[in-house]
Structure formats: C-alpha cells, structure tokens
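The dialogue that follows is meant for a student who is learning to read a protein model.

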Amino acid sequence: MSRPIFEVIATSAQDAVAAAAGGADRLELAGDMAADGLTPSVEEFARIRAAVHIPLRVMLRDGDGFLPRDLDALTAKAEALRAEGAEEFVLGFLTPDGMVDLEAVRTVLDVIAGCSWTFHRALDNAADREAVRAAIDGLPGLDTVLTAGAATGVANGLGVLAAEVARAGEPGYGPRILVGGGLRTEHVPGLLARGIDGFHVGGMVRSGGWDTPVDTGLVQEWRRLVDSEARAVA
C-alpha cells in the first residue's frame, strides 16, 4: 500500500496553516459549512494559497443539497478560481430524481479542463450509486471519489466501502476512494486493512465543531494514527 492520503477541510487561511502544520497532505477548501460546504470566495482561496504549500482542492457547490442552483454563476466562479491559480477541485451534481447530472458536471469540467478533481458525496445521496459510478467513469481529470458508503455516514457505509474497494480497477471503480462523512478514528484500522488508503476529516480536527478553527494537535493525532495503522497492515 502506498502512503495513505490524509485530507482536511479548511475554511480559512488559519485552518489551512494549522492543518498543514499537523501533517495534512491536502486540503479541501470550502465555505459555509452550515450548508455542508459551498464554494469559497476567490479572495479566501487567494489567502489560503499564499499561506500554505500543499495541494488544495476547491469545492464547487452553490447550495445545500446536490442540485446546481445557478450553473452560469458557478462556472464563472470556477473560471475566477482558475485565474487565481486553483488547479484541483471537488464537485458532483444530481438531478431531482437522484441521478447524476452529467450535463452540469461536463459544463463545469469544460471550465476546469486539465485539472484533477474529486466527485464528492453526491454519490452517497444518489438513487443508484453503481449507475453514478458508471456514468462518471472516464471523465477527464477524475481521480478521486469522496464517499462514506452511505448518506448517513461511515458507520453505516462500511460494508459498501469494503465491497467497492474490492472492485478497484473495474469499469467505474478506478478513482481512489477517499473516505469522509462521519469518519472516526476507530474506523481507520479496518478501512486500511481492506485496502482503503484515503481519509478526509473536518469537524473531527476541531475542538468545538465548525465554529472553532482546525486544531494542529488533533490533525497530528490523526496523521500519526493513519501512518501507524498503515505500517501495521503493510
């Protein structure tokens, strides 16, 4: 197994500096976590990019849920972020009936051509996750799928995650699985043992929820755990 990737959600430059100091490999940048994470402002992205030197994946999402509210405005924001230096993104859209909105996804991909990106937890909220995986298979730049295995979180999605990592390499199952959404420390050993090597946290590295900043010490604890458990199964 390659060294696991450990990604932390950052909403500010303060968060980003703390997460990087604690050993995060990559940051997901988002704003308005009360809506589960929306696109950050271009100005905040610029501050974060100036403050740290680790990869940054920028959320492209404009409302609670997974339906794009204003695709023109969202693509304009993506263009502005690209112009500011963003090179990696996080996105995923569903139709009202819970199918992947490929038209919306492709519209955004046209704007961020050449960038690496993650299909996020829209997968967990889809009517048919296997159909979503098939639909997004081979989209340019897609290298990661962020998933808890279930809409209700990792604790209820462990079986799905195990089944999907076992299909790695099959059509639709090429992107790396990045586990996030209710991820807890006790889940890490079992996930690593099954071959999952991507972990994503947000609230778990904040001492008092989303109203408090990222805690470097908590990030360090997670980093040590992930690395030590990965060595144990190597």
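The questions and answers below concern a predicted model.

Q: Why is R26 called buried?
A: A residue counts as buried when its relative accessible area is under 20%. R26 has 7% relative accessibility, and therefore it counts as buried. R26 is located in strand β2, which covers residues 26-29.

Q: What makes the pairing of R26 and E7 a polar contact?
A: The cut-off for such a pair of N or O atoms is 3.5 Å. The side chains of R26 and E7 make their polar contact at 2.6 Å, so the pair falls within the cut-off. Beyond four places in sequence, R26 is in contact with residues including I5, F6, V8, I54, P55 and L178.

Q: Why is N156 called exposed?
A: Exposed residues have a relative accessible area over 50%. The value for N156 is 57%, and so N156 is exposed. N156 belongs to the loop between β6 (142-147) and α6 (158-165).

Q: How far apart are N156 and G182 in sequence and in space?
A: In sequence, 26 residues separate N156 from G182. In space, the distance from C-alpha to C-alpha is 9.5 Å.

Q: Which residues of the largest nonpolar core touch the most other members?
A: They are V8, L27, F89, L91, I112, W117 and F119, in a core of 64 residues. Helix α8 (residues 216-233) gives the most to this core, namely six residues. Another core, of five residues, lies apart from it, and I9, M33, M59 and V90 are among its members.

Q: What does V8 touch, not counting residues up to four places away in sequence?
A: V8 touches A19, A24, R26, L27, E28, V201, V205, V214 and V219.

Q: Which residues of helix α1 are buried, and what covers them?
A: In α1 (residues 13-22), the buried residues are A13, D15, A16, A18, A19 and G22. Their cover includes β1 (5-10), β2, α2 (42-51) and α8. Just after α1, G23 has a positive phi of about 110 degrees.

Q: What makes a space a cavity or a pocket?
A: In a cavity, a 1.4 Å probe fits but cannot get out, whereas a pocket is an open set of points. A search of the whole structure for cavities of 30 Å³ or more finds one. The volume of the largest cavity is about 40 Å³. Its lining consists of R61, D62, G63, G65, F66, L67, P68, G92 and F93. By class, these divide into four nonpolar, three polar and two charged residues.

Q: What is the volume of the largest pocket, and which residues are closest to its centre?
A: The largest pocket has about 530 Å³ of volume. Its lining has 24 residues, of which I9, D36, R121, G181 and H200 are the closest to the centre. The classes represented are 10 nonpolar, nine polar and five charged residues.

Q: Why does the lining of the second largest pocket count three charged residues?
A: Asp, Glu, Lys and Arg count as charged. The lining is made up of F45, R49, V52, H53, I54, P55, L56, G85, A86, E87 and E88. R49, E87 and E88 are therefore the charged ones, beside six nonpolar and two polar residues. The volume of this second largest pocket is about 190 Å³.

Key:
Residues are numbered from 1 along each chain as its sequence is written. This is a predicted model: local features need pLDDT of at least 70, side-chain atom pairs count only at pLDDT 80 or more; totals for chains, interfaces and linings use all residues. Side-chain values use heavy atoms; hydrogens and water are left out. On a 1 Å grid over the protein atoms alone, a cavity is a set of points where a 1.4 Å probe fits but cannot get out, and a pocket is an open set with protein on both sides within 12 Å along at least five of seven lines; lining residues have an atom within 4 Å of a point. Grid points are joined across faces, edges and corners, and a volume is the space filled by probe spheres set on the points. Helices (H or I, at least four residues) and strands (E, at least two) are DSSP runs, numbered from the N terminus. Buried means under 20% relative accessible area, exposed over 50%, partly exposed in between (1.4 Å probe, protein chains only). A polar contact is a pair of N or O atoms within 3.5 Å; within protein, one must be able to donate a hydrogen and the other to accept it, and residues adjacent in sequence count only if both atoms are side-chain atoms. Contact means heavy atoms within 4.5 Å. A nonpolar core is a set of buried Ala, Val, Leu, Ile, Met, Phe, Trp, Tyr and Cys residues joined through side-chain atoms within 4.5 Å.
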